[in-house]
Amino acid sequence: MSSARRLLLFAGAAAAIALLLSATAPVAGAEDDGYSYIPGSPRGPQNWGSLKPEWATCSSGKMQSPIVEIMGTPYPHGMIIRLNANASVVNRGHDIMVRFDGDAGSLKINGTAYQLRQMHWHTPSEHTIDGRRYDMELHMVHLNAQNQAAVIGILYTIGTTPDEFLQKCYIIAISNQEGKEKMVVGGADPNVAKGKDTVYYRYMGSFTTPPCTERVIWTVVRKVPEEDDQFGYIPGTPRGPENWGSLKPEWATCSSGEMQSPINLGLLDLTLAPGLGDLNYTYRNANATVVNRGHDIMVRFDGGDDAAAAGGLVINGTAYRLRQVHWHAPSEHAVDGRRYDMELHMVHLNTQNQTAVVGVLYAIGAQDEFLHKIVNGGVDPNVAKEHDIVYYRYMGSLTTPPCTEGVIWTIVRKVHTVSLSQLALLKAAVVNGNEKNARPLQDVNNRNIGLFIPLPLINV
Ligand SMILES: [Zn+2]
Ligand SMILES: [Zn+2]
């Protein structure tokens, strides 16, 4: 990899995109490929170049892909993808490929036409931008009349709305995953993939699978979940926290509200509130979806018809169901002026859609079991459960736009621990600029902050 290679960036407004993770896993390591993606294994990426003489470029090449560093200057683009074409889906073992048999349109680069021949997917993404690896990368492979290749790579993050283009051709690919026979499908429409005003990077590289042939013209497109990315955390920027209230009329409360969150839980402002009672909750193992909202990583509990699937919290006799959890780093709430390294928010709703959030503060230390479980594929909200919980209670707001008030806040006083690598993982996953996603502290005004201490703790 050479950092001397120039990367060119065409910048415009990014297109909104997202997809479901469940439909993206390619089949890895099939025998007929002769290569694997498992690092350290005999046929792993570091050994591709010595597996076959004709794959030597994978080791010896000086213009290999993917590359890590991305920087940019404007580039005049000429992406013209125009036809609805017939396509065959081929399971190549290491991935699913959609091959276009007719004229599927073309890409024009410096006056030369490159015809779209096939597309396939990688998870996670192969290219990174500013060190960030995305959830998936689509490769659209084009050839010119001399069989020179130009590939468009499209980076995807996990989001809430499925990608229209992928839904069209991808579902067909999944249905063909069992066997390896090709299946002719109609109606895969590459035109849908043509985003207007896309941001893209351009550099000279190679195929990312053996034989790793070089002189491939790469165009890497970054698609960002636009709907979730319309506010930022960097102070002094147009979309920074001090401007949230003026970005949209429906976000006005962010500026005008008198009961906003987060706040400093000042020891002098506290009132002992024995009447609040023990934190009364029951959480269960439930199906969950991990969603990258750009500004944070959210785990949503999908109970289907059973809204109570993940359990919940009872406050003053009213049941609040756990709907999602997400994280902020550093912590949003402060205790006596101190902000911690991370804060977990467990968001609950009652049947009137009123919100109750439980916040848990973390300092760097031993790994957090709850996060550990999520990263390893299981979500068990019960792991977060403890006994004899001392907590703060106050009335506040959502800490992100629209900053809606009337939120019942419960902040657990015990500070938990999270490992450095767990925290780094959360920060790496969010969209650049959101590595610090804590809203500045808001005025307490005349609010009462209750402190509940369970009886067993008072009696010792
Ligand atoms: Zn590829
Ligand atoms: Zn939050």
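Predicted model: local features only at pLDDT ≥ 70, side-chain atom pairs only at ≥ 80, totals over all residues.

Colleague: Which strands form a hairpin with two residues between them?

Modeller: Strands β5 and β6 do, and Asn-110 in the turn has a positive phi of about 50 degrees. β5 covers residues 106-109 and β6 covers residues 112-122; the two pair in the antiparallel sense over four bridges.

Colleague: And what is the bridge partner of Ser-106 in β6?

Modeller: That partner is Gln-115.

Colleague: What holds strands of a sheet together in pairs?

Modeller: Strands of a sheet pair through backbone hydrogen bonds, in either a parallel or an antiparallel arrangement.

Colleague: In what order do the three strands of the open sheet come?

Modeller: The order is β14-β21-β22, with mixed pairing. At the edges are β14 (264-265) and β22 (338-339), each of which pairs on one side only. β14 pairs with β21 (residues 334-335) in the parallel sense, over two bridges. Within that pairing, Asn-264 stands opposite Ala-334 of β21.

Colleague: Changing topic: which residues touch the most other members in the largest nonpolar core?

Modeller: They are Met-342, Met-346, Val-357, Tyr-362 and Tyr-392, in a core of 51 residues. Strand β24 (residues 355-364) contributes the most to this core, giving six residues. Another core lies apart from it, with 29 residues, including Leu-107, Met-140, Tyr-201 and Ile-217.

Colleague: What is Tyr-362 in contact with, leaving aside neighbours within four places in sequence?

Modeller: Its contacts include Tyr-340, Met-342, Leu-344, Asp-368, Val-415 and His-416.

Colleague: What about Asn-91: is it buried or exposed?

Modeller: Asn-91 is buried, because 20 other C-beta atoms lie within 10 Å, and 20 or more is the cut-off for that class. Asn-91 belongs to strand β3 (residues 85-91). From Asn-91 to His-120 the C-alpha to C-alpha separation is 9.8 Å, although they are 29 residues apart in sequence.

Colleague: How confident is the predictor, in terms of mean pLDDT?

Modeller: The protein chain has a mean pLDDT of 74, and 70% of its residues reach 70 or more. Over residues 68-84 the pLDDT stays under 50; the model has 47 contacts beyond four places in sequence for this stretch. Residues 224-228 also have pLDDT below 50, and there the model has 20 contacts beyond near neighbours in sequence.

Terms used:
Residues numbered from 1 in each chain as written. Chains lettered and ligands numbered in written order. Core = buried A, V, L, I, M, F, W, Y, C linked by C-beta atoms within 7 Å. Buried ≥ 20, exposed ≤ 12 C-beta atoms within 10 Å, placed from the backbone. Contact = placed C-beta atoms within 7 Å. Pairing = 2+ DSSP bridges. pLDDT = per-residue confidence, 0-100.
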